Amino acid sequence: MPRRRPHRWLLFGAVALVGLLVVGFVVRAMALHRDVEAMRAEVVQNVALMQAVDGGETLGPADLPPELGAVLTDASLDADGRRQALVSGLRARNRAVSVALGEAWDRSERQMLGAMGFAVATLALALVLVVLIDRAAEARAVALEAQVEREARARQAGLVEELAFTNTRMDRFAVALSHDLRAPLRAAIAHVELARRAGVEEPAMGHLGQVLASTRRMSEMLDGMLAVARAGRDPSIVPVDLDEALDEALARLQADLDEAGGTLERGSLGVVPGNRLDVISVLQNVLANAIRYRHPERPLRVVVSGARDSDTFHLVVDDNGVGVDPGMREKVFDLFVRGVSDSGPEGSGVGLAVCRSVLDRMGGRISLEPLAVGTRVSIDLRVVPGR
């Protein structure tokens, strides 16, 4: 993960300081060059004067340095003495210039070497500080990431534990609610049956029939609520062979399929991660709906096919039944909602709700769409990599 390193300004500052020192070197070198040129010009002038004196040329005070101009007016010296005094003075000036030039050069060299040493030391120190700070920041970041990961795992473990506890309580509540409500329903059904057997006359017999149908409907609704509450609660995930799961679902529904005189066509399916019993439950509910909501005027035909892309297996179940109203495509997945009118085939309105609950927990999805003849149920499931 990329991180910003604001301490890099140390390195930039060191580079800027070195740049200033380089500029100083250049300025100092130019000044030294000017001094050297001036001293060289003075030496050349002194040599030319010595040659003029040795050649016997006549020189005036204006031609000589101020300190040697007095030699020309010194009455105690003859011409030869003046010549020797001038040559000696000019040679002394050359020696003084040479000494001054050497001292200036040595002084400049020492200053430049000292400045270069300071620049190198500064740059090296900046680099060392950058490396140390960078490593310290990296260590702090790693420690922070480890701490965040530990806290995230702890929170996740707490949430998983809390979820498991909540699921357990919900299961107990659903079982208790189902049991407590079912007991008076069983009693009501039993009393209605006894009353009907006792030979109750019409219209009371018709009313008792309606009461019996309603109590049985409520019992079915309790079973549906319990099924939805328990759907997908088993957390065990294993590779599930869809062909084997379809075989099991068909075995449970074979009698109903034979009674309906229907046929089922199938292709080769794949392997998905999930809970085997949950996958069988989904297939069984979808096939049971196809059988229950078959069209009374044509033989039932169900086609099960599948196709896989990179990480999803697309399972499709087509039937030629009574179909579904397009406006009910999503509502049929709600609990106790049926896709046909009350005068149609009997059903609890629970199966598709159970399917969606199971697939949501598996990370899959289910959808429904009407066909020109019948209904298509599409189920998307994650596949097992490499299978």
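Is arginine 301 buried, exposed or partly exposed? Arginine 301 counts as partly exposed, because its relative accessibility is 41%; buried means under 20% relative accessible area, exposed over 50%, and partly exposed in between, with a 1.4 Å probe and protein chains only.

1. Some ground rules. This is a predicted model, in which local features need pLDDT of at least 70, side-chain atom pairs count only at pLDDT 80 or more, and totals for chains, interfaces and linings use all residues. Residues are numbered from 1 along each chain as its sequence is written, and side-chain values use heavy atoms, with hydrogens and water left out.

2. Salt bridges. The structure holds 8 salt bridges, each being a side-chain nitrogen of Lys or Arg within 4 Å of a carboxyl oxygen of Asp or Glu. Side chains of opposite charge can pair when their charged atoms come close.

3. Glutamate 265 and arginine 301. These two form a salt bridge, with the closest N and O atoms 3.0 Å apart. Glutamate 265 sits in strand S2 (residues 263-266) and arginine 301 in strand S4 (residues 301-308), so to speak a link between distant parts of the chain, 36 residues apart. Helices (H or I, at least four residues) and strands (E, at least two) are DSSP runs, numbered from the N terminus. Glutamate 265 counts as partly exposed, at 37% relative accessibility.4. Aspartate 318 and arginine 376. Here the side chains meet in a salt bridge of 2.7 Å, N to O. Aspartate 318 lies in strand S5 and arginine 376 in strand S7 (residues 375-382), so this pair ties together parts that are 58 residues apart in sequence. Aspartate 318 counts as buried at 15% relative accessibility, while arginine 376 is partly exposed, with a relative accessible area of 29%.

5. A pair within one helix. Glutamate 248 and arginine 252 form a salt bridge, their closest N and O atoms being 3.4 Å apart. Both belong to helix H5 (residues 242-260), and because they are 4 residues apart there, about one helical turn separates them. Arginine 252 is partly exposed, with a relative accessible area of 42%, and glutamate 248 is partly exposed too, at 28%.

6. A network. Look also for Asp243, Asp247 and Arg266, which are linked in a network of salt bridges.

7. Asparagine 320. You will find this residue in the loop between strand S5 (312-319) and helix H7 (351-362). Asparagine 320 is buried, with a relative accessible area of 15%. Its side chain reaches the backbone oxygen of proline 299 at 2.9 Å and the backbone nitrogen of arginine 301 at 2.9 Å. Leaving aside residues up to four places away in sequence, the residues touched by asparagine 320 include His295, Leu300 and Val373, where contact means heavy atoms within 4.5 Å.

8. Helix H6. At 1.5 Å a residue, the 17 residues of H6 (residues 276-292) should span 24 Å, and the end C-alpha atoms are 24 Å apart, which agrees; the expected span is 1.5 Å times one less than the number of residues. H6 is mostly covered, with 12 of its 17 residues buried, among them Val279, Leu283 and Ile291.

9. A ring and a charge. The charged end of arginine 356 sits over the ring of phenylalanine 333, 4.0 Å from its centre; the rule asks for NZ of Lys or CZ of Arg within 6 Å of the ring centre and within 35 degrees of the ring normal.

How values were computed: Polar contact = N/O pair within 3.5 Å; in protein donor to acceptor, adjacent residues only side chain to side chain.
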